[in-house]
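Me: I would like to learn how to read salt bridges in a structure. Please take me through the ones shown here.

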Amino acid sequence: MRASTLLSESLAVLGKELTAELRSRVALNAIGLFGLTTLIAVAYQIGPYQIQEQDRPYLLSALLWIILFFAATSGLSRVFVKEEDAHTAKTLRLAARPLAVFAGKYLFNLILLSALFSLIVPLYCALMSYRVRGVAGLAVVLAAGAVALASTSTIVAAIIARASGSTTLFAILSVPLVLPLLVMLIQGTRAAAASAELAAVLPALQGIVSLGGAVLTVSVYLFPVVWHD
Amino acid sequence: MEAISVEFTKVGKRFGARAVLAAVSGTLRPGEVLVVAGPNGAGKSTLLNILAGVLRPSRGGVAYRRGDEEVPRREWFENLGMASPDMAVYEELSAIENLRFFGRLRGHALADGALAELLETLGLPVREHHRAVGTYSSGMKQRVKLAQAALHAPAVLLLDEPSSNLDAAGHEAVAALVARFRARAAVAVATNDPREIAWGDARLDLAL
Ligand SMILES: Nc1ncnc2c1ncn2[C@@H]1O[C@H](COP(=O)(O)OP(=O)(O)OP(=O)(O)O)[C@@H](O)[C@H]1O
Ligand SMILES: [Mg+2]
């Protein structure tokens, strides 16, 4: 029997990811640069006043998620490829059980997404004069979105690391997983913007949570197979 | 750590149409060093990967045995230490941080003092322990990699070209490590270095 627990191993992987990221800043730079560039481009080209008042809830929530999603993709897709590139994958494979690797990487992606959301969302609301009536509703949608997006990104990143490691493939594989998720996130955000009632975001929230939960459950079984060939 | 022997029977490996190993058999016995020799491309690294369980053989099989009892495959890795040219430790972390990390993963958390001692026996002086491995020379990285393999005192130790990039003192340090493990572990060394071939109690020659 091994002496370490799944929890302690997962936290060790997470700690390693955070330490390495704080020193190299590869993912943070990619996410930050991509997020800020698209945000500024959108703010500059469209700004708050190019959109008709009645279209604002629809367009502003969609634009926000496009920015968030592409920034996330640029940083999160490398979480396993970097292990293959650095030849640490085999060392890690021999030392940690697969589930601990998945959990550690998942938590790391979740932290990156939370950092991205807390940087971009307030800036976006300010630059686009996006008035959100249900701030609590938006916070819940963002939190659920981070949890769900982290699970899809982590499993897709694991698959592409074994395939070839191209970011394009990440985008393609993500489509069936992420498209419905993005649609529900946009709907939830729109509902939160329109209404101060927390109940307004519930329909979208249910969808986000169930899809995220389903992907996470499948990943727990799929990941060990992907990780060990 | 209880002694484990590794038995491989008629192991064959093909990569596509290319046959690399054909019906290779042998045993790693605790208290013995098996040297795997052969020209470049003969399949030494391939065989070690199969023995480790990171590569599936196309034919034949590998069994880990503890006494009469077979060790289930999911427990192989925790009884195994390995260093090979296609493995690396984390460049962003220092030597000590790397060993702390792998120690935690293996549930074999040693005090920093013990980790430093292990690195020192492999010839990495204390003043180097706390800077990022990415700034090390290739020989220094090799020493950390070997420490990673030995850290949890595994019952099976697989070393692929363990002295690569090492100077004479480094070579001596690896010889001492192998001598220390020989006492209670099953050790395999893949090499073409005549000095390392001399460590072997048994020898397996692979041909092209
Ligand atoms: N993943 C792989 N896909 C295709 N061919 C492979 C793969 N791994 C190894 N080979 C081939 O198998 C043969 C044996 O390779 P291996 O690395 O085991 O040789 P080796 O004996 O360790 O050589 P060296 O002394 O150079 O380290 C080589 O011809 C190599 O090209
Ligand atoms: Mg080799």
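This is a predicted model: local features need pLDDT of at least 70, side-chain atom pairs count only at pLDDT 80 or more; totals for chains, interfaces and linings use all residues.

Me: What does A:R97 form a salt bridge with?

Reply: Side chains of opposite charge can pair when their charged atoms come close. Here the partner of A:R97 is A:E9, and their closest N and O atoms are 2.9 Å apart. This pair links distant parts of the chain: A:R97 sits in the loop between α5 and α6 of chain A, A:E9 in helix α1, 88 residues apart.

Me: Is A:E9 buried or exposed?

Reply: A:E9 counts as buried because its relative accessibility is 0%.

Me: Which strands hold B:R65 and B:E7?

Reply: B:R65 and B:E7 form a salt bridge, with 3.3 Å between the closest N and O atoms. B:R65 lies in strand β4 of chain B and B:E7 in strand β1, so the pair ties together parts 58 residues apart in sequence. B:R65 is partly exposed at 25% relative accessibility, and B:E7 is partly exposed at 31%.

Me: How far apart are the closest N and O atoms of B:E75 and B:R74?

Reply: They are 3.5 Å apart, and the two residues form a salt bridge. B:E75 is buried, with a relative accessible area of 16%, whereas B:R74 is exposed at 69%.

Me: Which residues are linked in a network of salt bridges?

Reply: One such network links A:K16, A:E17, A:K82, A:E83 and A:K105. Over all chains, a search of the whole structure finds 23 salt bridges.

Definitions and conventions:
Residues are numbered from 1 along each chain as its sequence is written. Chains are lettered from A and ligands numbered from 1 in the order in which they are written. Side-chain values use heavy atoms; hydrogens and water are left out. A salt bridge is a side-chain nitrogen of Lys or Arg within 4 Å of a carboxyl oxygen of Asp or Glu. Helices (H or I, at least four residues) and strands (E, at least two) are DSSP runs, numbered from the N terminus. Buried means under 20% relative accessible area, exposed over 50%, partly exposed in between (1.4 Å probe, protein chains only).
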